[in-house]
Amino acid sequence: MSAVVDTAGPATIDLRLVGLRKEFTSQDDPNTVVVAVDDVDLELPKGRLVTLLGPSGCGKTTLLRMIAGFEEPTRGDIYFGARRMNQVAPNARDATMVFQSYAIFPHLNVYDNIAFGLRLKGLSRVDIKARVDRVVDQVGLVGMTQRPPSQLSGGQQQRVALARCLVMEPRMLLFDEPLSNLDAKLREQMRIEIRELQQRLGITSVYVTHDQVEAMSISDVVVVMDRGRVAQVGSPVEVYARPVDRFVADFIGKANFIEAVAVDARTIEVAGARLEVPNGVPHPAGTEVTAVIRPEALTIERGAQLVAPLRGVVERASFLGQLAEIAVRAPGDARWLVDVPNAAEVGMPEVGETVGLVPSARSLHVLPR
Amino acid sequence: MRRALREIRILARDPLLLFLVATVFVLIALFVVYPLAKVAIASLQTRGGDWTAEHYQLLQTRRLYQNALRNSLSVAALVGVVGTALGFVVAFTLTRVDVPFKRALHLITLLPIISPPFVGAVSILFLFGFNGLVTKQLLGLQDFNIYGRWGVVASQIFTFAPLAYLSLRGVLQSISPVLEDAAYNVGATRWQAFWRVTFPLSLPGIFSAFLVVFIESISDFGNPLVLAGAAFPMLAPQAYLEITGSFNLARGAMLAVVLLIPSLIAFAVQRYWVSRRQYVTVTGKPTASTSRIVSPAAKWALYALVLAFAALVLAFYAVIVLGAFTRVWGFDYTPTLQHLRYVFSVGLKSVYDTLIIAIVSTPLSGLLGMLVAYLVVRRRFPGKAALEFGSILSYAVPGTVVGIGYILAFNTPPLILTGTLAILVLAFVFRYVPVGIQNGIAVLKQVDPSIEEAAQNLGADAVTTFRKVTLPLLAPAFFSGLVYAFVRAMTAISAAIFLVSANWNLMTVQILNQVGSGRLGVAAAFSIVTIVLVTIAIAIITVLVERWSKTTTTVRFG
């Protein structure tokens, strides 16, 4: 798998992984080898934020821990710029990490937690104070520096963990599912703050998450991982709109997978209806393919005289507030999920009603079956 | 006051509960508080019954008592420091470092905890005594004297370092290795990560372990009695000698009070100050289990120390086994079964007595422990804090004090118990119940009360709820309390030695008598029989627990 992130302009590559592999011996059976990370290649330009996205067990955290130096690769190389890092100890890597559990030192107050690494460097008191004060201001912990960790909320602990990393002015920031222990509202707020800070300071960052919304909202580049391998690398828009396979399409958001047949270079046939695919159909006529369309790219047509070529019967209609989620049973036993925005105003389709389905042509995407 | 009244009124609505609470209060007052009060009173009275401070004034005038106090305190401090350091090294190595045979080393290190109190002392005599294997046979020393400070210190470190190990193991396991990772990640070396993160986080636990070892050492009766010798007086044996040698109950009681004060202070500090400062950092799923905190060189150095201690433990036990089958240690190493034969003929009664006392007191102690734990955690009644304190108080009271208290309290009407089975059983039940109570409280506090409420909501009454829901949840705590109570009952000496009689005698007292008359072989044979019986009992209880956990579904909370 080779995937080079295309960049706007001649940015220098800050992190490069070459054929990186990690094998574990199974604890139950010493003869079984589990491949946690399977020959991953990746190049990340300076100042960008990449997320490693995938379900649990896909190897994303192991990959991150290899970059941090906590796991030794079985094979392959890690470069920071031009320097090969494989033999460099974790305490000399200059890549600070925000741990999933935050790993705040419970015996030190906020100030001492943040100053921990600077003291190890032997900086003067004055320098340490100046640097700590600056990050405390950046992450919004002003006035809390004397508190013990036991008196901090989850969000505040998160900020301390981030400040402890930032204060080192590292070459690279590593995040291991940093927001997974926060509630939904705080998670959204923190990810905006992290992204703003990262962009303002221009720190190259690697961010591990299993939350696709988080990944898309925060990243320059998303690396979708599946069972140790890189499934797709691209911008958030690319992986969402043009997934390379069913796994990526399914993992990133909701999708309808519809059996279709290629008609010509720009047309497919779905349940007797011909639909145009603007990006093209890279398959010979007559090939069975899978059409992918997102629920929000379908509109519902109601009324007595339907013109849409695709039709079906409403099976379920759930009102979720900002939108309504409709399940439509189409001929050939296909089931379509459709999002209806602003349903409170335009009205909810009724269960049992026959409706037409109109795909937005630009959003139709074809995968090999 | 008004709250207390309201609680009593609620209690009165449930006669069974009221009865149980009242019973527990009476029992604890009678068998924990009353004997202690008797000791304090006796130490302040003349033979005629007038109040006096004369016994305490002896502390200023009599050299013997001053020395006993100074020796006991200095030995306890030294054993506390060295025992805790050793316990920490072993705990750190076995929890944090990737070395072979961890499980076996863990079990070997725990061995002294389940042994009778004289194994260390007798082994030391076998190895380093006048006729010791090392001192006489190997080194040819003629007048090497192990008796005194260093003999006691060595024997106590062997006996009590495993306690420090056990509690520090729990402390280190609760410190997440991710914190060490976090320290490296911002540039710490291994050395810095240890001294700035792991060590400060363990510090409350280390202090707590020190206090536990300190209490055990100062209360210890067996090792000093065997190894201190006349030239090195210590408090616990001195109190015993005042009573059994000079028949001076008042002076014995005074020494008991003097012994009690440092124990209680150490207990109070440990319980109400240190335990509040413990950090628990393990949250969520554990990520990395092995730590990188140790360099290869340090790793093998630590491992060597752990192996050395384990080897010492094994050597001590090997010597005991050899001694039990050797005719006259130091002179005639012919193998023999005569010592064992002695145990099973002359000594057989004490074997039976010990077993009967242990078998009677163990379930009583277990049930009382669960009952008190349940009342303290789940019920509201006035005087709850006092009840909890009273019930765990005896944990901090040296056995010598308990023994003296029991003979003072139950030698005279209204309750004459001396010479009976009851006095030994009662002493053991109330002395060893605190561990069961603490285990029970810890388990119950983790069980969501809504589980019990659910049972009541589905139609179960209070008794059924307790029997069908609470009790099964308490089972693990109950069984571990049983193991503890049984082991202690089989190996107890300090309180029991005041309470044994011609009718009811104990193997540990036999061991002491044999050591006293120089028959180490018989003492070793008694020790082996004790160890075997304890091991069999633990095995039986473990099998029962496994049966139990197979038939009931295990529910995890957290």
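I take helices (H or I, at least four residues) and strands (E, at least two) as DSSP runs, numbered from the N terminus. The model is predicted, so I keep in mind that local features need pLDDT of at least 70 and side-chain atom pairs count only at pLDDT 80 or more, while totals for chains, interfaces and linings use all residues. Residues are numbered from 1 along each chain as its sequence is written, chains are lettered from A and ligands numbered from 1 in the order in which they are written, and side-chain values use heavy atoms, with hydrogens and water left out.

**Entry: B:Thr491**

I looked up B:Thr491 and found it in helix H21 of chain B, residues 462–491. B:Thr491 counts as buried because its relative accessibility is 8%, where buried means under 20% relative accessible area with a 1.4 Å probe, protein chains only. Leaving out residues up to four places away in sequence, I list its contacts as B:Ile114, B:Ser115, B:Pro116, B:Pro117, B:Thr508 and B:Thr530, contact meaning heavy atoms within 4.5 Å. A polar atom of its side chain lies 2.8 Å from the backbone oxygen of B:Val487.

**Entry: chain B against chain A**

I then turned to the interface, to which chain B and chain A contribute 22 residues each. The two chains bury about 2,000 Å² between them, 65% of it on carbon and sulfur atoms, buried area being the accessible area (1.4 Å probe) that two parts lose on being put together, summed over both. I find one salt bridge across this interface, a salt bridge being a side-chain nitrogen of Lys or Arg within 4 Å of a carboxyl oxygen of Asp or Glu. A:Arg65 and B:Asp181 form it through their side chains, at 3.5 Å from N to O. On the side of chain B that touches chain A, helix H9 (177–185) and helix H10 (190–219) each supply at least two residues, and H9(B) gives the most, with seven residues.

Methods:
Buried < 20%, exposed > 50% of the residue type's maximum accessible area, 1.4 Å probe, protein only. Polar contact = N/O pair within 3.5 Å; in protein donor to acceptor, adjacent residues only side chain to side chain.
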